[in-house]
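Welcome! Please take a moment to look over the sequence and the model, and then we can walk through them together.

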Amino acid sequence: MAYVIAEPCIGTKDSACVDACPVDCIHPKKDEPGFDEVEILNIEPVECIDCGACVPACPVAAIYDSVDSTPPSQKELIEANAVYREGDSGAVSQAEQIVKNHMSAHADLMAVAPAERAAAHAK
Ligand code: SF4
Ligand code: SF4
């Protein structure tokens with residue numbers, strides 16, 4: 001398990017990280033099935049080479065460099081990234097359900113603007 005996309009991506013999902021990734025491991029991309037349906041993008045944990053290029057590209061600080069650095073309140077989103085597999089529709093829907101469950105459980109944080117959510121989680 002490598003880099004993790006977490007909650008600030010919800011409501012942003014601008015794909016800036018996709019363009020920065022040298023190994024094309026962030027999905028779904030805008031031209032891939034399911035892009036419109038997902039709340040966040042996911043990093044394929046096996047494909048990621050831990051280069052860190054996606055982190056500064058994200059405008060809302062949604063990408064954490066490890067499981068340990070991901071705030072406890074977002075730990076379930078680690079699981080969403082872990083189960084995601086490009087092209088596996090079962091894995092895509094499983095990851096998306098985890099994200100939706102997280103959104104339901106954290107209505108307070110979802111009310112915070114995406115650009116401020118990383119700071120809100122750090123408190
Ligand atoms: S750390 Fe590098 S390889 Fe991994 S998702 Fe980010 S840009 Fe892609
Ligand atoms: S750059 Fe950040 S907000 Fe944009 S899609 Fe990637 S993780 Fe989500």
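What follows is a short tour of the two ligands and two residues.

This is a predicted model, in which local features need pLDDT of at least 70, side-chain atom pairs count only at pLDDT 80 or more, and totals for chains, interfaces and linings use all residues. Residues are numbered from 1 along each chain as its sequence is written, while chains are lettered from A and ligands numbered from 1 in the order in which they are written.

Let us begin with ligand 1, which has 15 residues around it; a residue is counted here if its C-beta atom, placed from the backbone, lies within 6 Å of the molecule. Cys-21, Cys-48, Cys-51, Ala-53 and Cys-54 come nearest. This shell holds 13 nonpolar, 1 polar and 1 charged residues, where Ala, Val, Leu, Ile, Met, Phe, Trp, Tyr, Cys and Pro count as nonpolar, Asp, Glu, Lys and Arg as charged, and the others, Gly among them, as polar.

Ligand 2 has 14 residues around it, and Cys-9, Thr-12, Ala-16, Cys-17 and Cys-58 come nearest. Its shell divides into 10 nonpolar, 2 polar and 2 charged residues.

Now find Tyr-3. Is Tyr-3 buried or exposed? Tyr-3 counts as buried because 26 C-beta neighbours lie inside 10 Å; the cut-off for buried is 20 or more other C-beta atoms within 10 Å, with exposed at 12 or fewer and partly exposed in between, all C-beta atoms being placed from the backbone. Tyr-3 and Ile-43 are 40 residues apart in sequence, yet their C-alpha atoms are 7.0 Å apart.

Finally, Asp-14 has 15 such neighbours, so Asp-14 counts as partly exposed.
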